[in-house]
Amino acid sequence: MENFWFNLIWLLAYFLVLVCMSGYGVHRLLMVVLYLVHRRHVPQPEQMWDELPVVTVQLPMFNERYVVEGLLRKVTAIDYPKDKLEIQILDDSTDDTWEICKQQVEKYKKLGFDIKLLHRVDRTGYKAGALEAANEKARGEFLLILDADFRPDPDILRVVIPYFTDEKVALVQTRWGHINRNKNLLTRLQSIFLDGHFALEQTVRNRSGRFFTFNGTAGVWRKAAIADAGGWEHDTITEDMDLSYRAQIKGWRFVYLNDYVTRSELPEDMDGFKTQQHRWTKGCIQVCRKMLFPILRAKIPLKAKLEAVTHLTCNFSYLGLILLCVLVMPICTGFVRPTGAWDWQEPRMMMVTFTLFFLATVTVCTFYVVAEAIVRPKRWWMVFPLLLPLLALGVGMAVNNARAVLEALFSRSAEFVRTPKFGESGEGKLAVEQRARGYRALKSVLVPLVELAFGMFFLSIEVINLYYGLTQNVLGLVNFILMSPFLGFFYTGASSAWRLIQSTKRRRASAG
């Protein structure tokens, strides 16, 4: 009897977590449906300006020696009257980036550009602090914000600024593209993840009357709207998301341009990717803690509230994924044995299992296939061979991102660890090892060890199940389900472990 109740409670917990995870799959399917409904509702500017307004281009950076020159080449090529364009370099660097910036400022001043270098020796507030300080000195009515690895096209302001003829528009966000999309498998998978966010989620949120958030770069703000919403605050490390919700609660409108792309650089190694994901995940949960109840209390449409709640809580799914991996262990090893109505072979149980599997995985795959059809309409079918690696990477990042969720929940620390950037070919032609020494991504021995331990467990279970399935001729869904975890955890864990080993060797060589 004790065994029965233990099995029952364990299985109930397992299915409860799986149901919660499936809810986010349903949300992905909803995004697809809403896109099909609103795909033709493309935003258009109300009118054109009689006289173009002054725009300040803000370039926040920290130790970006490899990309600053390429960034300034693109920014100074923007097609906009020089007397209406101001460029602010917001440099908090502690390396020679500051010297490079000074040289570039002198160069472009001689060419007639209104360009200024605002260097801070105190990084208070990190990027948010730099932007807030710069706003006080900016002469532009509108602010184009570009991270150091972004490469705007010359017509970006000609396309974006007309939308601000509507006085209630606070922000116009452009879609991200990627200069190094095809560099390696990791960058290909990242680009698919981001295409899902930008081509589907952001588009649907904007066109269906829900809130969407500024992505920190490649967008233009109305300076008055920032001030009205309370300015840039630095109690979270995703200041862009925080400000976005505060501004929209106050009634400001946002515009998302899915058809206009601003290209950027993706992290090319696992360390950089984990650093970026850790920051985004932690920051999202920090904003959740700060803004969830103000959003629920705000007088805004119910659909906007529900979407905001989903957006702010979606990263809790990483905790659910880790819990699911733990809960499935005794089931896979036979320690927890379903019987009676809970037997896996019982028809109703098989239907429930398949339904939850469909909602948790097939809907996610559909989401990304549709996103690629939007972004790459002539080559969308190329996403199919990458769906299994995509799911595997999503699972493999669970340990790294679950750690970020816990840090956000139990610590108010908000250190901003930026993503390493190396630039396009031709910018920063230093050896990879030299560049790696200049950029220290977030490293932890514990995270890859836990990932490898999970990978070893799921590999052993997969081997046992394959052997049993082949000998008993009962190969089934479980073999495919377990493939993603062991591939994902091995990929993320082994990649990070290899980087740590290489980094240790370099330090010892330097010390020797």
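Predicted model: local features only at pLDDT ≥ 70, side-chain atom pairs only at ≥ 80, totals over all residues.
Is A218 buried or exposed? At a relative accessibility of 0%, A218 counts as buried, because buried residues are those under 20%.

**Overall make-up**

The protein chain has 17 helices and seven strands. Of its 512 residues, 55% are buried. Among contacts between residues at least 6 apart in sequence, 84% join residues at least 24 apart.

**Backbone exceptions**

Most residues other than glycine have a negative phi. A218 is not a glycine, yet its phi is positive, at about 60°. This residue, A218, belongs to the loop between α6 and β6. N63 is likewise not a glycine and has a positive phi, of about 55°. The loop that holds N63 runs between β1 (55-61) and α2 (68-75). With a relative accessible area of 10%, N63 is buried.

**Aromatic contacts**

The model contains 19 aromatic pairs. F367 counts as buried because its relative accessibility is 1%, and Y368 counts as buried at 5%.

F212 and Y256 are also members of one aromatic cluster, together with F214, W221, W232 and F254.

Two arginines place a charged end over an aromatic ring. The charged end of R28 sits over the ring of F367, 4.7 Å from the ring centre. For R123 the ring is that of F62, and the distance to its centre is 3.6 Å.

**Packing of α9 and α14**

Two packed helices are described by the angle between their axes and the distance between the axes. For helix α9 (residues 270-297) and helix α14 (residues 398-410), the angle is about 35° and the axes are 8 Å apart. The crossing of α9 past α14 is right-handed. On the α9 side, the contact involves K274, Q277, H278, T281, K282, I285, Q286 and R289; on the α14 side, it involves N400, N401, A404, V405, E407, A408, L409 and F410. The residues of this contact divide into six nonpolar, six polar and four charged.

**Helix α13**

Which residues of α13 are buried? They are L387, L390, L391, A392, L393, V395 and G396. Helix α13 (residues 387-396) is thus mostly covered, with seven of its 10 residues buried. L388 is also placed in α13, but L388 is partly exposed, with a relative accessible area of 24%.

**Residues brought together across the sequence**

The table gives each pair with its separation in sequence and its C-alpha to C-alpha distance.

| Pair | Separation in sequence | C-alpha to C-alpha distance |
|---|---|---|
| L388 and M483 | 95 residues | 8.6 Å |
| R73 and P152 | 79 residues | 9.9 Å |
| A138 and V55 | 83 residues | 8.9 Å |

R73 lies in helix α2 and, at 46% relative accessibility, counts as partly exposed. A138 is in the loop between α4 (126-135) and β4 (142-145). At 8% relative accessibility, A138 counts as buried. Which residues does A138 touch, not counting residues up to four places away in sequence? A138 touches T56, Q58, E86, Q88, L143 and K223.

Note on methods. Residues numbered from 1 in each chain as written. Heavy atoms only, no water. Phe/Tyr/Trp six-rings, centres within 6.5 Å; stacked < 30°, edge-to-face > 60°. Buried < 20%, exposed > 50% of the residue type's maximum accessible area, 1.4 Å probe, protein only. Lys NZ or Arg CZ within 6 Å of the ring centre and 35° of its normal. Axes fitted to C-alpha atoms, helices over the stretch in contact; angles between N-to-C directions. Helix = DSSP H or I, 4+ residues; strand = E, 2+ residues; numbered from the N terminus. Left-handed = near helix turned anticlockwise from the far one by under 90°. Contact = heavy atoms within 4.5 Å. Nonpolar A, V, L, I, M, F, W, Y, C, P; charged D, E, K, R; others polar.
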